[in-house]
Structures are given as structure tokens and as C-alpha cells.
Amino acid sequence: MKTKCIIVDDEPAARRLMKSLLQSYNDLVQVVGEAGNGKEAVQKIEELKPDVVFLDIQMPDLTGFEVIDLLNE
């Protein structure tokens with residue numbers, strides 16, 4: 001069974017790079033979603049229930065830490 005992950009970063013180039021790096025582990029990891037900001041991240045994480053989240057810390061709307069706090073409410 002593959003590990004489901006979501007990539008969260010406000011920079012599209014960073015998301016593309018992470019997705020590209022994870023393709024080397026295609027037999028183990030499945031990227032099920034991406035988010036470009038914190039609010040979108042919270043929505044996708046709650047909806048898709050990933051096993052792992054690659055979460056940027058510095059984003060303009062919500063920081064990665066604020067995303068974690070919202071998910072723990």
C-alpha cells in the first residue's frame with residue numbers, strides 16, 4: 001500500500017520540485033494533492049486524509065504552524 005501525501009507550498013516551483021523528487025519513490029509514495037496556501041492546505045488535508053504532509057512553514061496567509069493548529073482543533 002502506498003503512502004498518500006500532500007505537498008503544500010506557496011511557490012509553484014517548490015511544489016514541482018518536491019513532486020519530481022517524490023517520483024523516484026513512486027512505488028512507495030502517491031501524491032494525492034497539492035495546495036498553494038494554508039487555507040487550501042487545511043481543506044485538502046481534511047478532505048483527502050493523507051498519511052504525510054510536506055508543509056511549507058512560511059506562507060503569506062497562514063504559516064505551516066497555523067495550519068497544524070487549525071487541524072488540531
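**Loops, sheet and charged pairs**

Modeller: Start with K49, which is exposed at a relative accessible area of 56%. Keep in mind that this is a predicted model.

Biologist: Where does K49 sit?

Modeller: K49 is in the loop between α2 and β3.

Biologist: What is phi for K49?

Modeller: Phi of K49 is near 50°. That is a positive value, in a residue other than glycine.

Biologist: And N26, where is that one?

Modeller: N26 belongs to the loop between α1 and β2. N26 is partly exposed, with a relative accessible area of 47%.

Biologist: How far is N26 from K2, C-alpha to C-alpha?

Modeller: Their C-alpha atoms are separated by 8.4 Å. Along the chain, N26 and K2 are 24 residues apart.

Biologist: On to the sheet. What is the strand order?

Modeller: The order is β2-β1-β3. It is an open sheet of three strands, with parallel pairing.

Biologist: Which strands are at the edges?

Modeller: β2 (29-35) and β3 (52-55) are the edge strands. Each of them pairs on one side only. From one strand to the next, the twist averages 25°.

Biologist: How many bridges between β1 and β2?

Modeller: Six bridges, in the parallel sense. Strand β1 covers residues 3-8. For K4, the bridge partner in β2 is Q30.

Biologist: What about the helices? Which strands does α1 lie across?

Modeller: α1 lies across β1, β2 and β3. It runs at about 170° to β2.

Biologist: And at what angle does α2 run to β2?

Modeller: At about 140°. Helix α2 (residues 38-48) also lies across β1, β2 and β3.

Biologist: Let's do charges. How many salt bridges are there?

Modeller: The count comes to three salt bridges. One of them pairs E34 with R15, where the closest N and O atoms are 3.3 Å apart.

Biologist: Why does that pair tie separate parts together?

Modeller: Because E34 lies in strand β2 and R15 in helix α1. The parts they tie together are 19 residues apart in sequence.

Biologist: R15 first. Buried or exposed?

Modeller: R15 counts as buried, because its relative accessibility is 16% and the cut-off for buried is under 20%. R15 is in helix α1, residues 12-22.

Biologist: Which residues does R15 contact, leaving aside neighbours within four places in sequence?

Modeller: I7, D9, D10, E34, A35 and G36.

Biologist: How is E34 classed for accessibility?

Modeller: E34 counts as partly exposed, at 26% relative accessibility.

Biologist: Which salt bridge involves K19?

Modeller: The side chains of K19 and E34 meet in one, at 3.2 Å from N to O. This pair links distant parts of the chain, with K19 in helix α1 and E34 in strand β2, 15 residues apart. K19 counts as partly exposed, at 35% relative accessibility.

Biologist: And the partner of E40?

Modeller: That is K44, with the closest N and O atoms 3.9 Å apart.

Biologist: How far apart are K44 and E40 in helix α2?

Modeller: They are four residues apart, so about one helical turn separates them. K44 is partly exposed at 25% relative accessibility. E40 is partly exposed too, with a relative accessible area of 27%.

Biologist: Which residues do shared partners join into one network?

Modeller: R15, K19 and E34.

Biologist: Switching to nonpolar groups. Which residues form the patch on the surface?

Modeller: I57, F65 and I68 form a nonpolar patch there. Together they have about 280 Å² of accessible area.

Biologist: Where is I68, and how accessible is it?

Modeller: I68 lies in helix α3, residues 64-71. It is partly exposed, with a relative accessible area of 39%.

Biologist: Last one. How far apart are P12 and V52?

Modeller: They are 19 Å apart in space, C-alpha to C-alpha. In sequence, the separation is 40 residues. P12 lies in helix α1 and counts as partly exposed, at 41% relative accessibility.

Definitions and conventions. Residues are numbered from 1 along each chain as its sequence is written. This is a predicted model: local features need pLDDT of at least 70, side-chain atom pairs count only at pLDDT 80 or more; totals for chains, interfaces and linings use all residues. Side-chain values use heavy atoms; hydrogens and water are left out. Patches are made of residues with over 30% relative accessible area and no salt bridge: like charges are joined within 9 Å, nonpolar side chains (Val, Leu, Ile, Met, Phe, Trp, Tyr) within 5 Å. Accessible areas come from the Shrake-Rupley method with a 1.4 Å probe; for residues, only the protein chains shown count as cover. A salt bridge is a side-chain nitrogen of Lys or Arg within 4 Å of a carboxyl oxygen of Asp or Glu. Helices (H or I, at least four residues) and strands (E, at least two) are DSSP runs, numbered from the N terminus. Buried means under 20% relative accessible area, exposed over 50%, partly exposed in between (1.4 Å probe, protein chains only). Contact means heavy atoms within 4.5 Å. Two strands pair if DSSP finds at least two bridges between them. Axes are lines fitted to C-alpha atoms, for helices over the stretch in contact, and angles run from 0 to 180 degrees between N-to-C directions.
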